[in-house]
Amino acid sequence: MKPTLTSTALAIGAVMFGLCAGSYARWASQAETTTEAAAYSLPFMLFSTAAASSAALALVASVDAAAQQSRRQA
């Protein structure tokens, strides 16, 4: 599968969202109280969902580009 601009941008987004989710996870684990840790739970959940969605969409965009290319050659 040849990477396209769309799949590359989505893959980069997945990495960036993953880094943000990792930061929030680390901050939540280092929190001294559960109330303080709870403040990091929503951003962690949002960034981890965005990372997974971006990674899945990057894969779909790459597969779609490969399918379109094979249809053109046929």
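Y24 and W27 sit three residues apart in helix α1, about one turn of the helix. Keep in mind that this is a predicted model. The rings of Y24 and W27 pair edge-to-face. Y24 also takes part in a tilted pair, with Y40 as its partner. This second pair joins distant parts of the chain, since Y24 belongs to helix α1 and Y40 to helix α2, 16 residues apart.

Here are the two pairs in brief:

| Pair | Geometry | Centre to centre | Angle between planes |
|---|---|---|---|
| Y24 and W27 | edge-to-face | 5.2 Å | 85° |
| Y24 and Y40 | tilted | 6.2 Å | 45° |

The structure holds five aromatic pairs. Ring pairs connect F17, Y24, W27, Y40 and F47 into a cluster.

How accessible are the residues of these two pairs? Y24 has a relative accessible area of 22%, so it counts as partly exposed. W27, at 36% relative accessibility, is partly exposed, and Y40 is partly exposed at 23%. The cut-off behind this label is simple: buried means under 20% relative accessible area, and exposed means over 50%.

Now let us follow Y40 into its helix. A kink of about 30° lies at Y40 in α2, shortly before the proline P43. What do the ends of α2 tell us about its length? The helix has 40 residues (34–73), and at 1.5 Å a residue it should span 58 Å; the end C-alpha atoms are 58 Å apart, so the two values agree.

The buried residues of α2 are P43, A51, S54, A58, A61, S62 and A65. They pack against α1, which covers residues 5–30.

Conventions. Residues numbered from 1 in each chain as written. Predicted model: local features only at pLDDT ≥ 70, side-chain atom pairs only at ≥ 80, totals over all residues. Heavy atoms only, no water. Helix = DSSP H or I, 4+ residues; strand = E, 2+ residues; numbered from the N terminus. Expected span 1.5 Å × (residues − 1). Bend = angle between axes of the 7 residues up to and from the residue. Buried < 20%, exposed > 50% of the residue type's maximum accessible area, 1.4 Å probe, protein only. Contact = heavy atoms within 4.5 Å. Phe/Tyr/Trp six-rings, centres within 6.5 Å; stacked < 30°, edge-to-face > 60°.
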